[in-house]
Amino acid sequence: MQQIPKTMLAATLFGPGDLRTITKPVPQPGPGEVLIRVEACAICATDLLILDHRLPGQPPFDGTFTPGHEYSGTIVSLGKGVDEFRVGDRAAVEVHKGCGRCENCIRGLYTACLNYGNLTKGHRANGLTVDGGFAQYVVAHINTVYRLPDHISFAEATLITTAGTVLYGIDRLGGFLAGETVAVTGPGPIGLMAVQLAKALGARVLLTGTRESRLQVGREVGADVTINVNETNPVDEVRQLTGGKGADVVLECSGAANAAQEAVEMVKKGGKILLAGFFKDPVTVDLSRLISNNLVIYGARGEGGRNVGRALALMAQGRLQAKPLITHYFPLPEINRAIKTFAQRLEGAIKVIVEPQKGGKLEDGSQSGD
Ligand SMILES: [Zn+2]
Ligand SMILES: [Zn+2]
């Protein structure tokens, strides 16, 4: 095992959209925590919100906070009392560590912790309220760490966090999808994971979207039918493909303004809808349809219920593919280029990975070294 250096490269936020790669001290793991040498950290749509304006509980824009919540790496040191992991273990990480003392945490709803953002009460959200993985080293609480088998690469492991979010949503709505028809709306990283999870759980999957290249990936990873909403009305198409009934379950992963309304129109009577994509602005939905059609809409925050562990098991069994979703890699000093590539979907970008251990030039032109 390599020596742990005193300082490291980390991207920190100096203001809205002002992310800089700087040198800062390598953190020390406290009781119940481990220090992880970060090998890969994926950029997520939530990072764009974190960069733009502070989310609840997010530290100030003072050049100290490091975002990045979809990361993986190797455990290099253990905090006091940790015997659940060993130095050298490969690790995948989830975001939320509940306080463990509020009534929601006690009931297992730790992603709905009532002490969200309150560090003194023990709550932590990796890369959201405490430092994350756009750095060479990061501290994580063991509640959020999962041992990663050797045959899953670090880059692939970042998608386990994404998959865990959808799987938690599926868990919330009942999870028993064998033989059901599931409509997945939006073929982004979450939607493409939703397709695979629904297939792994025995569903027939209809995927809707606007970009043919992403729908193509959807077919590659298992969608039975893809529907290009620029060519056909997705509600009519889903109804037609289900003998007029509508989908048993709709997994809304697009966050598009009209998506919630389309979901209540394409789901069958008595059906269930999961909202897994954040909406930019408040949306209008005909809620009377919920009443007249016995519909239930679920929201699910983060990757609760230790669903990251379940998603990891599915990936380890070859039922979840991450590789077709990973389109770009950048070293840490080029994180702003990485974010631009992701945000503007340049060169067909789907999932963009930052690799903090790889070299690259700092933005002032100096060499970062490895
Ligand atoms: Zn995310
Ligand atoms: Zn709590």
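These are my notebook entries on a predicted model of one protein.

**Ground rules**

I number residues from 1 along each chain as its sequence is written, and chains are lettered from A and ligands numbered from 1 in the order in which they are written. Since the model is predicted, local features need pLDDT of at least 70 and side-chain atom pairs count only at pLDDT 80 or more, while totals for chains, interfaces and linings use all residues.

**Overall build**

I started with the secondary structure and got ten helices and 17 strands. Both are DSSP runs numbered from the N terminus: helices are H or I with at least four residues, strands E with at least two. The radius of gyration (taken over C-alpha atoms) is 20 Å, close to the 21 Å from the globule rule for 370 residues, so the protein is as compact as a globular protein of that length. That rule is 2.2 Å times the number of residues to the power 0.38. I also looked up the spans of the C-alpha trace along its principal axes, which are about 65 × 45 × 40 Å.

How much of the protein is buried? I find 49% of the 370 residues. Buried here needs 20 or more other C-beta atoms within 10 Å of a residue's own, exposed means 12 or fewer, and partly exposed is in between, with C-beta atoms placed from the backbone.

**Two domains**

The bounds come from an automatic or database domain assignment. I have domain 1 as 7–148 + 322–355 and domain 2 as 164–299. Their centres, over C-alpha atoms, are 29 Å apart. Six residues from domain 1 and eight residues from domain 2 make the contact, where a contact is two C-beta atoms, placed from the backbone, within 7 Å. On the domain 1 side I get three nonpolar, one polar and two charged residues. Nonpolar covers Ala, Val, Leu, Ile, Met, Phe, Trp, Tyr, Cys and Pro; charged covers Asp, Glu, Lys and Arg; the others, Gly among them, are polar.

**Gly304**

I found Gly304 in the loop between β15 (296–299) and α9 (307–316). Is Gly304 buried or exposed? Gly304 counts as buried because 26 C-beta neighbours lie inside 10 Å. Leaving out residues up to four places away in sequence, Gly304 touches Leu109, Tyr110, Thr111 and Tyr168.

**Helix α4**

I checked the length of α4 (residues 189–200): at 1.5 Å a residue its twelve residues should span 16 Å, and the end C-alpha atoms are 17 Å apart, which agrees. The expected span uses one less than the number of residues. Ten of the twelve residues in α4 are buried, including Ile190, Leu192 and Met193. They pack against α3 (154–172), β10, β11, α5 (212–220), β13 and β17 (351–355). After α4 comes Gly202, with a positive phi near 95°.

**Helix α6**

Which residues of α6 (residues 234–241) are buried? I get Pro234, Val235 and Val238. Down the axis of α6 they fall within an arc of 100°, so they line one face of the helix; the arc is that of the directions from the helix axis to the C-beta atoms. Asp236 and Gln240, on the other side of α6, are exposed. The cover over the buried residues includes β12 (225–228) and α7 (259–266). Just after α6, Gly243 has a positive phi of about 60°.

**Helix α1**

In α1 (residues 45–52) I list Asp47, Ile50 and Leu51 as buried. These also fall within an arc of 100°, so they line one face of α1. They pack against β1 (7–15) and β2 (18–25).
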